[in-house]
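Please report on the strands and helices of this protein.

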Amino acid sequence: MKMTLDGPLLVFGGPYSNLQATTALLADAARRGIPPARILCTGDVVAYGADAAATTALVMDSGMAVLAGNCEEQLAEAAEDCGCGFEEGTECDLLSRSWYAHANTQLTPAQRDWMRGLPKRIELALPDGRRLAVRHGGAEETSRFLFASAPEDVLAAEIAATGCDGVVAGHSGIPFARRIGAGLWLNAGAIGMPADDGTPRVWFALLSPESRGLRTEILPLHYDHEAAAAAMRAARLPEGYAAALSSGTWPSCDVLPPAERARRGQALAPISLMW
């Protein structure tokens, strides 16, 4: 699938069954004058939150572009686990069994069919001829975790594998933007869960083509996180994730590299980068 980036594009990841955050994101886009045709989700519509079916319906009905994440790949086939890439026996792996089972019971056959048809890659064409590959995790591995601390040569190799000039990704849940040589790596973050920065805010990105390049902004989103947490508790989902919606700190740091572990609980700031 290809999209032409000839105007502002709102990019976000990980709705994670968080109906309140997804509703707030669409309202924010409307306030900015950004129509659904200029909204892109990097996948994992369904995960930790209470409202898998309702969140999926909202995203489906919106008309936005959606990339297949690992959760879509697994839920489309009613697989036994989320395919998130957690190491077996870790806390993330154990907690995922509960929310995945909850989501698996909520989705309708029509929603699974929709997930099955989602693209695994979207290409963004910029006015200056450069191209961005949108992938959920890595260039070839849907559930690969790549964080801001990843070595430059690792991200460069991922970009080269796409055949494009840069990558827009999701999956890891913490937003960042980095120039990689002449290229770009952007993770727009997730709206369904805080960024492990000690605040309940969630994050999205705005990509705006200008005469001097592409303006990339990573911006916070405020929403009714208390209502989302209450819904999770009513559904008897893991308390660690419900509490994280307010505390801003994940219940486990199993997937985090040392640099990201050292920054846990430190509030992120908005980012603006010209590429």
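Which residues does S208 touch, not counting residues up to four places away in sequence? S208 touches P8, G213, L214 and R215, where contact means heavy atoms within 4.5 Å.

The model is predicted: local features need pLDDT of at least 70, side-chain atom pairs count only at pLDDT 80 or more, and totals for chains, interfaces and linings use all residues. Residues are numbered from 1 along each chain as its sequence is written, and side-chain values use heavy atoms, leaving out hydrogens and water.

S208 lies in strand β10 (residues 202-210). Its relative accessibility is 15%, so S208 counts as buried (under 20% relative accessible area, with a 1.4 Å probe and protein chains only). Helices (H or I, at least four residues) and strands (E, at least two) are DSSP runs, numbered from the N terminus.

Strand β10 belongs to an open sheet of six strands with mixed pairing, in the order β4-β3-β2-β10-β11-β12; two strands pair if DSSP finds at least two bridges between them. At the edges stand β4 and β12, each with a single partner strand, so one side of each has no neighbour in the sheet. Strands β2 and β3 run parallel and are joined by three bridges, with V11 opposite L40 in β3. Helix α1 (residues 19-31) packs on the sheet and touches β2, β3, β10 and β11.

Helices α2 and α5 also meet, and their axes come within 11 Å. The residues that make this contact are tabulated below.

| Helix | Span | Contact residues |
|---|---|---|
| α2 | residues 52-62 | A53, T56, A57, V59, M60 |
| α5 | residues 109-116 | A110, Q111, W114, M115 |

How values were computed:
Buried means under 20% relative accessible area, exposed over 50%, partly exposed in between (1.4 Å probe, protein chains only). Axes are lines fitted to C-alpha atoms, for helices over the stretch in contact, and angles run from 0 to 180 degrees between N-to-C directions.
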